[in-house]
Amino acid sequence: MTTVRQRRVGKGTEVAEDQPSEKNVKPDGKILSDHTGRKLWNILSITVGGIVAISLGLITSVYVATLHENDLWFSNIKEVEREISFRTECGLYYSYYKQMIQAASIQQGLHGLVYDNKTESVRTINILERMNVYQEVFLSILYRILPIQQYLEPVYFYIYTLFGLQAVYVIALYVTSWLLSGTWLSGLLAACWYITNRIDTTRVEFTIPLRENWALPFFAVQIAAITYLLRTHLQPVQERLTLMTVFIATFLFSLTWQFNQFMMLIQALALFILDCFDMLPTAKVTWLYIIQISGLLLVCVLQFFNSMILGSLLISFNASVLIARTIQKNLKKGGLLNRLGKLILHVLLVLCLTLLINKFIKKILNLESDEHIFKFLKAKFGFGATRDFDANLYLCEEAFGLLPLNTFSRLSDTLLFYVYIFVLFLTTVAAVIVAFRNLSGSNQVQFMKKKEECTITLKPDAAYNLIHTVLFGCLALSTMRMKYLWTSHMCVFASFGLCSTEVWKLILKCIHLYTSQRTHVIKYSIPIITLLYISYKFWPGIMDELSELREFYDPDTVELMNWIKSNTPNTAVFAGSMQLLAGVKLCTGRTLTNHPHYEDKNLRERTKQIYQIYAKRSPEDVYRILRSFGTDYVILEDSICYERRHSRGCRLRDLLDIANGHIMDGLGENEPDLKTSLYPRFCEEIKKNLPSYTIHFTRVFQNKTFHVYKLAKHK
């Protein structure tokens, strides 16, 4: 009996060592051979996957660059036309890059940004504090120190950098999908979906300097790093390097976009929800909270302690979560009802602390820079009608409206939306089951382990990406401008589900057809069939798109900019619409009264006053307002004065009438307390050259679109 027991214990050790027979040697050799084969296969797979990722990134970069060139004939048009093509706020941001390039030295250029008196007349502002333009500063310095001036114009260095970031973006999406599914085929599918759904995944080719085009590639890198961080069994060195990557990506994302705090607040909410349901490791979640706060505070320091960052909800929320955790130490212990009670209390505690901390910070800093955002949200979600000019300005813009339904039909043409909904449904069901199991406590878990349902699992990285896509989907549905945060991640999430062993295993087990071989066949065949379908259907369209040639054409704006440069002094101050004045600054370098970067209360009030040129006000009132801002010239646009793009109630002149308490033009209802104005509309009446107008305003330029008036300088 003793001998038998010894043989059973030593079956894999002593017998193998003491009796090296042929039967024992061959399996070991086979195991060693299999291990080496798997290792070589993994190396080959990673190498091929990496090459495919880089290739797709470069192809995307070249693709959007070619579309931009074909649409504008950018290489052939004049410098002023190139600059005009940077519309609205894009032109404003690019003007600081141009300013740094043209400065006598880097130090002088930086001084001009820190003590800027041309962006807002009769005011000196710090551009580096007010706006996220460090990328323009860095790029201009890089252009000056690199020996490329004789080979590459500054504008090309700028736009090629942005198009190059698209390569980083696509590679990050590819890697995220690869990490989630375990196969680079998933990354290939994600990248192909991103390219074929370009209309809904990016707008970089026609809004190049927009802040989101700088920021979203870094956000995608951060999501990829978080996905890797949430993997189990990471080595300490791997974990530290990944945390460093997350921090760098978070910092760069925060530095390059003024809306960073709101995007990261949604991300923090995703982490909070998953942590509450015990679906993520608490220690890693804590690190991510700290990284968000530290990244934002570092940006705050670089932006000369920008008060809007200090008063952000993100800092208040993350601090509240960490404080609430300290107070409620036994949050994840107990049975289902006990834990639910603790969870509800925890959520209420975090919300109350967030509001108290945020209100306290804003009170101390006297912060009102972001109040227009909350007014807009309040009006948008039906918490009372508003006559606030700033809120209505956002509400009436299509970009800030609900996501149009035709978006889903476009996404469905590539099968993306169908696959996305399918994967979203399955993973949501799995998440609900896992969350319930986690809350139920140890006794219920042990009981459920005996049942097949316990095979339903959701890895932490997949759980994070699920909540991420749900929350950003809600944001996109409510605000069309934010759809680019969702649609790109939709490509990742749909491709992950289609190539995931866990997803197909769950489906096949539900219909009692599961085998390991069948799972692997479906996991690879369905994505390949999808790729073939996408290639067959959309490749001809992409080729046609690349062969279609257009040319930039805006002669009226070109004529206006050339006239300003030739006929006005360099110190002249111009008033007009925010969008046009951004171009005036870029093309002519003249001083502005207002501009499109709207994150400042004083600027918002100033803009509303300047826009009285389109309201029903007396010439004396308009003249007094314009002169109070040092205005020398005012530009009136027929496209605004006689606007037809928006419906009644959303035209700029209507918003001004409502804010001023005046009845709107045209047929339709008016609110009962609105009154008829004593004066006609200024932008229309000034063209009649009546004495009451010509005493203050002299027309000095006009074409089919613009009318420029010089203001008299009365003593």
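Start with the disulfides: there are two in this structure, a disulfide being a pair of cysteine sulfur atoms within 2.5 Å. You're looking at a predicted model, where local features need pLDDT of at least 70, side-chain atom pairs count only at pLDDT 80 or more, and totals for chains, interfaces and linings use all residues. Residues are numbered from 1 along each chain as its sequence is written, and side-chain values use heavy atoms, with hydrogens and water left out.

Select Cys-396 and Cys-650. Their sulfur atoms sit 2.1 Å apart, and the S-S torsion is about -75°, so this disulfide is left-handed. Cys-396 is in the loop between α20 (389-395) and α21 (406-413), while Cys-650 is in the loop between α32 (638-641) and α33 (652-660), so the pair ties together parts 254 residues apart in sequence. (Helices are DSSP runs of H or I, at least four residues, numbered from the N terminus.)

Buried means under 20% relative accessible area, exposed over 50%, and partly exposed in between, using a 1.4 Å probe and protein chains only. Cys-396 is buried at 12%; Cys-650 is partly exposed at 22%.

Next, pick Cys-641 and Cys-683, whose sulfur atoms are 2.0 Å apart. This link is right-handed, with 80° about the S-S bond. Both cysteines are buried.

Now jump to Cys-474, which is in no disulfide: the nearest cysteine sulfur, on Cys-276, is 17 Å away.

Last stop: Lys-608, in helix α30 (residues 601-610). What does Lys-608 touch, not counting residues up to four places away in sequence? Look for Phe-389, Leu-656 and Ala-659; contact means heavy atoms within 4.5 Å.

Definitions and conventions: Helix = DSSP H or I, 4+ residues; strand = E, 2+ residues; numbered from the N terminus.
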